[in-house]
Amino acid sequence: MFREGPPSHTLLRLPLLQLLLLLVQAVGRGLGRANPAGGPLEDVVIERYHIPRACPREVQRGDYVRYHYNGTFEDGKKFDSSYDRTTLVAIVVGVGRLITGMDRGLMGMCVSERRRLIVPPHLGYGSIGVAGLIPPDATLYFDVVLLDVWNKADTVQVSTLLRPPHCPRMVQDSDFVRYHYNGTLLDGTAFDTSYSRGGTYDTYVGSGWLIKGMDQGLLGMCPGERRKIIIPPFLAYGEKGYGTVIPAHASLVFHVLLIDVHNPKDTVQLETLELPPGCVRRAVAGDFMRYHYNGSLMDGTLFDSSYSRNHTYNTYVGQGYIIPGMDQGLQGACVGERRRITIPPHLAYGENGTGDKIPGSAVLVFDVHVIDFHNPADPVEVTTLSRPPEPCNETAQPGDFVRYHYNCSLLDGTRLFSSHDYEVPQEATLGANKVIEGLDKGLQGMCVGERRQLVVPPHLAHGESGARGVPGSAVLLFEVELVSREEGLPAGYLFVWHEDPPANLFEDLDLNKDGEVPPEEVGEEFSPYNNHSHAVIQQEPAHMVACGKNAVHVHCPVCGRAPAPLLVTVPEVPVCLFFGRTRSPFPAADCPQQALHPALLPQSLLAGVHLGALPKATTAAQERPSPPPSPWLSLPSSPPSSRLKSVRAKDASCLGRTRRKS
């Protein structure tokens with residue numbers, strides 16, 4: 001039947017009866033029963049009645065083990081138990097320190113496994129026994145649970161359970177770390193946890209503040225990483241253990257979550273997430289910046305966000321108004337840039353932290369979006385986008401009446417206002433405080449048809465308070481196109497003259513022919529203004545809004561309102577209007593033919609002005625050619641006082657040129 005030569009299995013050499021006997025003995029051992037033939041057992045019988053699902057390591061010869069046991073005789077009488085003692089057995093296996101039966105019974109065992117061992121006398125205490133405890137030739141029964149196993153050749157075992165995709169830095173010796181942990185013995189018995197104390201464990205690594213195994217196990221960890229660290233006793237608390245919770249010779253298991261890591265030598269770390277093209281200016285110390293941010297701990301826990309308040313954080317940079325790390329991290333940023341600023345605790349809130357969301361010694365991570373910044377000394381930044389092809393000899397000047405189109409936005413592109421929404425150009429008199437100062441300055445010097453880009457800092461716009469739709473301290477971006485301009489009126493007084501002007505203006509104004517024209521010679525038609533003077537009124541131009549062709553609404557340039565309020569009308573008559581600074585009266589020869597009589601000038605506008613300085617018409621002026629007729633002509637010959645009347649402004653149905661602030 002079989003090929004020649006030695007058989008491949010030694011069982012083939014045995015008689016059939018012997019094979020059956022061996023099978024019966026094996027079954028008997030597996031069931032934990034004695035030899036069914038009634039004879040002595042030849043080896044230890046092992047029954048594994050609880051096997052853990054995971055068995056990362058089995059007991060081998062030379063390993064140290066810690067285990068609990070109950071020892072009984074065949075009749076169930078207990079002769080010994082580790083549970084009755086305060087300490088567990090910790091001993092080397094397979095080197096003769098245990099009875100042979102126990103040495104064999106522990107081999108291959110897993111931590112948390114439970115076994116029932118039947119040890120025959122010749123593998124136990126033999127024919128001698130133990131006086132007063134174990135009789136001679138006694139078969140011993142042990143219920144064993146393995147709690148720990150380790151070897152002197154063991155090292156720290158590290159298993160990474162979760163590693164974040166982004167790892168800004170890894171733990172090194174001398175770093176300061178903050179981490180959470182659960183500490184257990186190898187069998188799962190918990191002995192400590194940081195979570196129960198409501199705070200992280202904070203310490204230096206590699207400086208002797210930790211047990212050696214934890215020093216090693218934390219190295220190379222990333223913030224947000226989770227690890228399982230198994231530490232043998234000689235790298236933990238060794239033969240003495242720790243208090244009542246960590247027994248001697250205990251291996252320790254730590255499940256660690258690293259919250260953050262830094263080094264006392266760390267500086268602010270910058271990472272540019274998005275850099276807009278064409279960055280021509282970067283923030284420096286002393287600039288005022290508006291920015292949005294999300295603030296989180298190093299493990300990603302959010303502690304604050306400006307977005308949740310729907311409002312930027314506004315502050316000076318490099319002036320100590322914010323934590324030092326943010327002061328440093330914002331410098332060099334561009335408008336529109338997104339950057340990540342990682343700040344070590346010694347440049348943030350230090351060992352104490354702040355509030356209930358930023359713990360002590362916390363590394364802070366800010367994701368910042370710079371909306372705009374400016375310097376209090378910034379002027380209006382003017383960039384010419386296009387100019388008309390034909391030469392431009394006349395540009396917009398203070399006092400000119402201009403029409404222009406504009407688009408207004410924030411520097412981040414947020415659209416605010418546009419004249420195109422009204423389908424008509426915006427109108428303003430330059431230098432009359434009708435628009436924000438920065439826009440007024442930016443419009444000056446423009447040619448009709450020219451397009452400009454204006455960057456207006458907030459101190460020349462709407463300031464710290466902002467305006468409707470405009471955030472406080474916002475830098476504004478204008479794109480303006482000058483549609484038309486009307487040259488400003490010459491500096492001097494306001495005159496409305498009915499009929500042709502006299503040949504000698506000064507002589508006509510000088511009623512008593514004494515060579516001077518004091519205020520009392522001006523007339524009484526505007527007596528309501530007599531009690532409405534200001535000390536500086538002669539230094540500013542009066543603000544006048546033309547209503548149609550035959551009326552002028554006069555406002556006090558200091559307080560901004562008419563004292564009556566007063567609307568002066570010349571019924572059914574066009575008028576010629578002039579306004580200017582009272583310090584510089586113009587000669588009669590510079591007036592158009594149909595301008596003239598100072599009766600319309602409020603007496604308060606003449607306060608403090610020596611009208612005797614009003615020059616007479618000179619020969620040179622008389623030689624000057626007469627200007628062309630004004631389109632506001634055909635005035636009646638009746639005296640001005642008989643043709644003037646006063647009504648309240650609210651009764652007048654004229655809007656004239658409206659003024660809207662941009």
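This is a predicted model: local features need pLDDT of at least 70, side-chain atom pairs count only at pLDDT 80 or more; totals for chains, interfaces and linings use all residues.
The structure contains 4 disulfides. Cys55 is located in the loop between β1 (45–50) and β2 (64–72), and Cys110 in the loop between α2 (100–106) and β5 (114–119), so the bond ties together parts that are 55 residues apart in sequence. Cys55 counts as partly exposed, at 30% relative accessibility, whereas Cys110 counts as buried, at 2%.

A disulfide also joins Cys279 to Cys334, with an S to S distance of 1.8 Å. The torsion about the S-S bond of Cys279 and Cys334 is about -90°, and the disulfide is therefore left-handed. Because Cys279 lies in the loop between β13 (269–274) and β14 (288–297) and Cys334 in the loop between α4 (324–330) and β17 (338–343), the pair ties together parts that are 55 residues apart in sequence. The relative accessible area of Cys279 is 30%, which makes this residue partly exposed; Cys334, with 1%, is buried.

In the disulfide formed by Cys392 and Cys447, the sulfur atoms are 1.8 Å apart. The torsion about the S-S bond of Cys392 and Cys447 is about -105°, so this disulfide is left-handed. Distant parts of the chain, 55 residues apart, are linked by the pair: Cys392 is in the loop between β19 (381–386) and β20 (401–410), and Cys447 is in the loop between α5 (437–443) and β23 (451–456). Cys392 counts as partly exposed, at 27% relative accessibility, while Cys447, at 1%, counts as buried. Cys408 is likewise buried, with a relative accessible area of 3%.

The largest nonpolar core comprises 26 residues, and those with the most contacts inside it are Tyr179, Met214, Leu218, Ile231, Leu252, Phe254 and Val256. At least two residues of this core are supplied by each of β8 (176–185), α3 (212–218), β11 (226–231) and β12 (252–262). The greatest contribution to this core comes from β12, with 5 residues. Leaving aside neighbours within four places in sequence, Ile231 is in contact with Val156, Ile211, Gly213, Met214, Ala236, Ala250, Ser251, Leu252 and Phe254. In soluble globular proteins, nonpolar side chains tend to be buried together.

Terms used. Residues are numbered from 1 along each chain as its sequence is written. Side-chain values use heavy atoms; hydrogens and water are left out. A nonpolar core is a set of buried Ala, Val, Leu, Ile, Met, Phe, Trp, Tyr and Cys residues joined through side-chain atoms within 4.5 Å. Buried means under 20% relative accessible area, exposed over 50%, partly exposed in between (1.4 Å probe, protein chains only). Helices (H or I, at least four residues) and strands (E, at least two) are DSSP runs, numbered from the N terminus. Contact means heavy atoms within 4.5 Å. A disulfide is a pair of cysteine sulfur atoms within 2.5 Å.
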